[in-house]
Amino acid sequence: MTRNLITCALALFLSLSTIGQVTIPADSLKKHVYYLASDSLEGRGLSTEGGLKAAIYIANLFKEIGIAPAGEGYFHPFYTRVGQSMLKGNNVVGIIEGTDPKLKNEYIVLGAHYDHLSYTYIDGVKVVYNGADDNASGTSAIIELGRALVQQKEKLKRSVLIIAFDGEESGLRGSIDFIGQNVIPIENVKLMMSIDMVGRYAESNSLIMGAMANLTGGIELLDRIAKKHEVKLKEIPESLSGRTDSKPFGDIGIPAIHVTSGIVGPYHQPEDDRETIDYEGMEKIAGLLFELTIELANKDSLVPNKKLMVAAKQSGQPFFRYGVKAHVGSSFHAYPNEFFNGKRRFSYEVGLVSQIKITKHFLLQPEVLYSSSASDYETGNFRVHSLKIPVSLVIASSGGGYNPRVYATLGAYYRYHFSGTANGKSLDFDNSFEQTETGIVYGFGFEQNSVFVSVNFSLGLSSLAKDANMSDFKNRATYFSMAYMF
Ligand SMILES: [Zn+2]
């Protein structure tokens with residue numbers, strides 16, 4: 001009994017004290033940098049053999065460590081145009097699932113790009129850009145952070161995604177693609193770190209955690225942990241860095257931090273070699289990041305600060321979009337002063353649509369349509385061909401891209417009739433029929449992947465009858481609509 005108690009107490013003590021004890025040894029970090037930044041990987045260029053070698057190395061380590069694949073496998077390929085050619089890249093994505101039944105659906109992303117600038121020939125001599133600091137250092141850090149986190153798995157309430165991004169040097173292609181692919185519901189990512197260039201702490205004597213303020217309470221949390229690990233923090237830039245993979249995450253309102261020891265070495269030079277890296281400094285930084293990740297994975301809530309949310313609202317949908325649109329449905333003539341209406345007939349409209357963003361939820365939508373509407377009545381039928389210009393205000397929900405977005409529209413239109421027939425005879429716009437028409441349009445629908453599906457109503461306000469002997473009649477139409485925005 002006593003022995004059991006002692007064992008229990010000992011186990012409790014051990015589990016409480018392990019957070020402080022975890023070190024990610026410099027030697028382990030060095031091993032990966034030595035491989036990734038070796039000449040045999042030829043600078044890990046996007047869509048090169050060396051890049052693929054690096055990706056395989058990382059995926060194999062994820063497997064060995066016990067990091068599960070996120071999705072069907074570790075590799076998440078993507079295609080991207082660089083200059084004239086279409087290149088294939090591979091993000092390597094692993095997941096450590098959280099233990100809390102609710103919070104495990106929220107994610108912390110530890111990301112690092114593994115690609116670099118490949119190689120070139122100078123005076124006939126092959127020169128490899130080994131990119132030891134940029135970013136074999138960060139890649140190595142996420143591998144070993146992954147190992148330490150797997151070992152302390154039971155301490156993670158939230159899930160942690162470990163992502164080695166490809167194509168960063170070609171314009172953040174890997175991280176942009178990862179967000180688009182929605183491997184996990186992207187809005188469930190509560191915090192992202194891009195660990196990019198952490199190999200020169202001794203030289204810079206400071207760690208930069210860019211945009212940490214974008215997490216409410218982030219600075220306080222970081223200060224406390226940094227003190228404990230005796231890591232010197234440099235003044236933290238508030239704004240999002242555009243130079244690393246945290247950028248696309250920050251743009252959609254996720255607190256996204258650029259972790260770096262700064263640009264102090266031979267940046268983007270062939271001299272960024274593995275012998276120049278400060279592995280002791282990397283150990284310090286990795287220790288801090290480990291504890292930070294554990295705390296973040298257990299906090300009750302992770303909330304972006306107000307400023308970030310406002311900025312994210314202003315991005316999202318581009319300012320101007322345009323596309324093609326088709327309406328198919330039926331129309332009829334309404335006689336406000338009579339006891340009858342015309343009968344419905346097939347009717348359609350095709351043309352161009354554009355959207356101008358006012359705010360995230362309000363848009364202006366001008367359209368130019370060819371319109372053909374008709375109505376039947378006892379003595380014959382009527383059809384008119386026109387140019388129609390509706391301008392609507394759109395109220396849209398959040399979403400966009402892969403996430404469906406619902407919206408409602410209300411607007412006014414102007415219509416010019418260029419030809420038509422009534423009972424088989426051409427319309428006489430000089431004496432009998434009005435050549436122009438005004439009215440209102442309204443509708444509702446949804447958008448996903450730039451495809452719009454909606455139901456629209458068109459209500460003529462002006463009469464089509466010019467002749468005083470004719471009864472007033474107005475156009476009414478109902479359409480099922482589809483549109484595609486480029
Ligand atoms: Zn980099």
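Axes are taken here as lines fitted to C-alpha atoms, for helices over the stretch in contact, and angles between them run from 0 to 180 degrees between N-to-C directions. Helices (H or I, at least four residues) and strands (E, at least two) are DSSP runs numbered from the N terminus. The structure is a predicted model, in which local features need pLDDT of at least 70 and side-chain atom pairs count only at pLDDT 80 or more, whereas totals for chains, interfaces and linings use all residues. Residues are numbered from 1 along each chain as its sequence is written.

Several helix pairs involve helix H9, which spans residues 279-298. Two packed helices are described by the angle between their axes and the distance between the axes. Helix H2 (residues 26-36) and H9 have axes that come within 8 Å and cross at roughly 110°, and the two helices are therefore roughly perpendicular to each other. In this scheme, angles under 35 degrees count as roughly parallel, over 145 as roughly antiparallel, 65 to 115 as roughly perpendicular and the rest as oblique. H2 passes H9 in a right-handed crossing, the term being used where the near helix is turned clockwise from the far one by less than a right angle, and left-handed where it is turned anticlockwise. On the H2 side, Ala 26, Leu 29 and Lys 30 meet Tyr 279, Glu 280, Met 282, Glu 283 and Ala 286 of H9, two residues being in contact if their C-beta atoms, placed from the backbone, lie within 7 Å. The residues of this contact of H2 with H9 comprise five nonpolar, no polar and three charged, where Ala, Val, Leu, Ile, Met, Phe, Trp, Tyr, Cys and Pro count as nonpolar, Asp, Glu, Lys and Arg as charged, and the others, Gly among them, as polar.

Helix H4 (residues 132-151) packs on H9 at an angle of about 50°, with the axes 10 Å apart, which makes H4 oblique to H9. The crossing of H4 and H9 is right-handed, and Ser 137, Ala 141, Glu 144, Leu 145, Ala 148 and Leu 149 of H4 meet Met 282, Ala 286, Leu 289, Phe 290 and Thr 293 of H9. By class, the contact of H4 with H9 has eight nonpolar, two polar and one charged residue. The axes of helix H7 (residues 218-228) and H9 come within 10 Å and cross at roughly 140°, and H7 and H9 are therefore oblique to each other. H7 passes H9 in a right-handed crossing, with Leu 221, Leu 222, Ile 225 and Ala 226 of H7 and Leu 288, Glu 291, Leu 292 and Glu 295 of H9 making the contact. The residues of the contact of H7 with H9 divide into six nonpolar, no polar and two charged.

A nonpolar core is defined as a set of buried Ala, Val, Leu, Ile, Met, Phe, Trp, Tyr and Cys residues joined through C-beta atoms within 7 Å. A residue is buried if 20 or more other C-beta atoms, placed from the backbone, lie within 10 Å of its own, exposed if 12 or fewer, and partly exposed in between. The largest nonpolar core has 81 residues, and those with the most contacts inside it are Ile 58, Ala 141 and Leu 145; H9 gives the most to this core, with eleven residues. Apart from this core lies another, of seven residues, among them Ala 374, Leu 427, Phe 433 and Leu 464. When neighbours within four places in sequence are left aside, Leu 145 is in contact with Ile 24, Leu 110, Ala 286, Leu 289, Phe 290 and Thr 293.

Ile 195, placed in strand E8 (residues 189-195), counts as buried, with 27 C-beta neighbours inside 10 Å. Not counting residues up to four places away in sequence, Ile 195 touches Leu 110, Gly 111, Ala 112, Gly 138, Ala 141, Ile 142 and Val 259. Ile 195 and Tyr 414 are 219 residues apart in sequence and 55 Å apart in space, C-alpha to C-alpha.

Most residues other than glycine have a negative phi, and most peptide bonds are trans. Ser 118, although not a glycine, has a positive phi of about 65°; Ser 118 is found in the loop between strand E4 (107-113) and strand E5 (119-122) and counts as partly exposed, with 19 C-beta neighbours inside 10 Å. Asn 205 likewise is not a glycine and has a positive phi of about 55°; Asn 205 lies in the loop between helix H6 (201-204) and strand E9 (208-210). The peptide bond from Asp 134 to Asn 135 is cis, with omega near 0°, and Asn 135 has its place in helix H4.
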